[in-house]
Amino acid sequence: MKVEVNSQALADAVAWTTRVIDARPATPILAGIRLEAIDGTLQLSAFNYAISARHHIEAGVDEAGSVLVLGKLLADITKSLPAAKTYLSTDGSTMTITSGKSTFTMQLMPESEYPDLPVVPTKLGQVDSPTFAQAVNQASVAVSREENRPVLTGIRVQFQGDKVIMSSTDRFRLARSSFTWTPEDATISTTALVRGSLLRDMARSLDEHQNVTIDFDADNPSLLGFENAGRVSTSQLIDGEFPAVDRLYADEYPIHAVINKQALIDAIKRVSLVAERNAPIRMVFSGQEVTLSAGAVDEAQAQEMLDIDMDGEDITVAFNPSYLIEGLSAITEPFVRMKMTTA
């Protein structure tokens, strides 16, 4: 294999592809990244049995071929290359990387032992990247970190015609977002449970000028694929039943309060300074004001009042301040509406 590529494009592609390589791979071969030079492109791929990543960049291919090398080491090397052009060439059991006056030599890994990447499912639909990223950021607020309960570490994605609904819960709170998209089949009605960490990671690395295409085979629902700006990811779905959270939404909310979001976040941060770890802060809604307070009678106390636009009876509630801040921070509008049933 002999290839000439742009150094920055190579570094970016390697960094994106190798993010799926585990710090401690299940087997040593999964620490590798596969490079294939063919038809004027350098194709990169990595896999950890659960998640796959594929990318490609333009390349001057003097000699086609494919190799497998240590992914994380290649990522470290490529991000430090000094020149605009990088040359990759193989000789026997090594690959040489040349950039400017710098030269690196990497040992090749046995490519025949590397597992085949999964086949990308058929296209389900597409949406613009900013909409997708915002929905993921909002829906992932309540993703659990309990690895012993995999179902709670996922985001449930419901595809219902031209609407997509994302939900997560860690048993203490529930996050949900929805958006309109362009499905291939307007009558689609299916659900997938995807790793929350993968969706968050994807949302961070999207090219905002390109749409996100979602790939899924409803008849064989084991894999979800994502495509954006030439990058393709697949993820095995989480096996299990997502909790029945829909019943937690009331049909009617008799109490409504509209509040300036940033003023509320700032007040929560100040008042919670005196709250013990995991202690709730109290919120008293009365008239057209909400009073936030925390602390015990014989210890430090704090109190702050905010003007609100309220409709309904007075009510006193209490919340975990961290949960409240995380939920509010995921909202992009300047004002939030708090809807309550009873204390």
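Colleague: Which residues lie nearest the centre of the second largest pocket?

Modeller: The general idea: rolling a probe the size of a water molecule over the atoms shows where empty space is left. A pocket here is an open set of points on a 1 Å grid over the protein atoms alone, where a 1.4 Å probe fits, with protein on both sides within 12 Å along at least five of seven lines; lining residues have an atom within 4 Å of a point. In this predicted model, local features need pLDDT of at least 70 and side-chain atom pairs 80 or more, while totals for chains, interfaces and linings use all residues. Residues are numbered from 1 along each chain as its sequence is written, and side-chain values use heavy atoms, without hydrogens and water. Nearest the centre of the second largest pocket are Ile51, Glu147, Arg195, Ser197 and Leu198, among 22 lining residues.

Colleague: What is the class make-up of that lining?

Modeller: Eight nonpolar, six polar and eight charged residues line the second largest pocket. Nonpolar covers Ala, Val, Leu, Ile, Met, Phe, Trp, Tyr, Cys and Pro, charged covers Asp, Glu, Lys and Arg, and polar the others, Gly among them. Helix H4 (196–204) gives the most, five residues; helices (H or I, at least four residues) and strands (E, at least two) are DSSP runs, numbered from the N terminus.

Colleague: And which residues are closest to the centre of the largest pocket?

Modeller: Leu174, Ala175, Tyr249, Phe319 and Lys339, out of 33 lining residues. That lining has 22 nonpolar, six polar and five charged residues, and S25 supplies the largest share, five residues.
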